[in-house]
Amino acid sequence: MKTSVAMCTYNGEKFLEKQLDSILNQSYPINEIIVCDDKSTDSTVSILKQYKEKHPEIFKIFINVDNLKSVKNFEKAISLCENDIIFLCDQDDIWIEDKVQRMISVFNNENEISVICTNGHIIDEHDKKLNVLTLWDFPKFVLEDGYRFDYFNILNLNDNFCTGATMAFRKEFKKNILPIPTIENVHHDGWIGLVASLQNKLFFLDEKLIYYRKHPSQQIGNVFFENTEKSRKNITSYMSIDKEIKNFKDYKKFLKRFPEAYHRNIELAENLPVQNEFFKENANEIKRRFEITYKEMKSTFPLRSFILKISDLFSGKRRIAR
């Protein structure tokens, strides 16, 4: 399989060379590196041109006329990739040497899989590995605690664990994800993961294949948590869609998830004619589950539910009607 890298850059001079070197030093060769720069004002473009001079057969550099921001810049980079497997890439991480080889191996062995995301280490701006938990650790924790790890429902109701910096997908999957919608709280990686999961084509590879960098100037990247037993339990509970609801506080927290997911699916249905019917049906299912759960809460805690309902009329929380 031939490989492409879709990389987006913006004022990334500080860490860019380490990332590019880690891509070029992969045990499985990269055939194409597409870089879309979003009007950097530092030396990022100069660094990119130096690498293109050394590797003209690999690098293709595009400088945006307008600042597209992250989602549309990745859409552009993805659209320009031509090879069998497309790897998404941030400008400030470091790839482990056999990252590409391991992911290609999964694609070769799993013909039904179109999108893979992986686990990773966290490092600081000085390349020091940090002792933290990440969103990528929680699929394992959820399963260890006896819950289902339902890709679609977790991505749709809870949070995105499919980080673009760890992601790769088959070229033919582009037609399913482009154009990427510009909807609040829907990033390119979460969108790709959501579409892949609804088609049962998503695979999470629990191997740490990148060093994901935590530093003050990164735009997005809150994927890490304090490495404590309390933190582990809290996040595992949050990511477990079918956890047993034991008290009123659990109901309050759980019911807050549904309206956001409902309105997101309604907006997706309105903006995506190809997937329109699916997102309409999904919104209806979310509404149904919300109503059942709310009814259970009222039956178990009638007085507190009545007070909460009055409060929610003013705050707008736990309300699905638009």
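F204 has a relative accessible area of 9%, so F204 is buried. Buried here means under 20% relative accessible area, exposed means over 50%, and partly exposed lies in between, with a 1.4 Å probe and protein chains only. This is a predicted model, in which local features need pLDDT of at least 70 and side-chain atom pairs count only at pLDDT 80 or more, while totals for chains, interfaces and linings use all residues. Residues are numbered from 1 along each chain as its sequence is written, and side-chain values use heavy atoms, with hydrogens and water left out.

I will start with the rings. A pair of aromatic rings is described by the distance of the centres and the angle of the planes. Rings of Phe, Tyr and Trp (its six-membered ring) pair if their centres lie within 6.5 Å; planes under 30 degrees apart count as stacked, over 60 as edge-to-face, and the rest as tilted. The structure has 13 aromatic pairs. In one of them, F87 and W95, the centres are 5.9 Å apart and the planes stand at 50°, so this pair is tilted. F87 is buried at 0% relative accessibility, and W95 is buried at 4%.

F204 belongs to another pair: its ring centre is 6.0 Å from that of F161, with the planes at 75°, so the pair is edge-to-face. This pair links distant parts of the chain, 43 residues apart: F161 is in the loop between helix 6 (151-158) and strand 8 (168-170), and F204 is in strand 9 (residues 202-213). Helices (H or I, at least four residues) and strands (E, at least two) are DSSP runs, numbered from the N terminus. F161 is buried too, at 0% relative accessibility. Elsewhere, F254, F258, F290 and Y294 make up one aromatic cluster.

Two charges sit over rings, by the criterion that NZ of Lys or CZ of Arg is within 6 Å of the ring centre and within 35 degrees of the ring normal. K99 is over the face of W95, 4.6 Å from the ring centre. Over the ring of F141 sits the charged end of R232, 4.3 Å from the centre.

Eight strands form an open sheet with mixed pairing, in the order 3-2-1-4-8-6-9-5. Two strands pair if DSSP finds at least two bridges between them. Strand 3 and strand 5 are the edge strands, each pairing on one side only.

Last, helix 1 (residues 16-24). Its buried residues are L16, Q19, L20, S22 and I23. Down the helix axis they fall within an arc of 160°, so they line one face of helix 1; the arc is that of the directions from the helix axis to the C-beta atoms. These buried residues pack against elements including strand 1 (3-9), strand 2, helix 2 and strand 3, where contact means heavy atoms within 4.5 Å.
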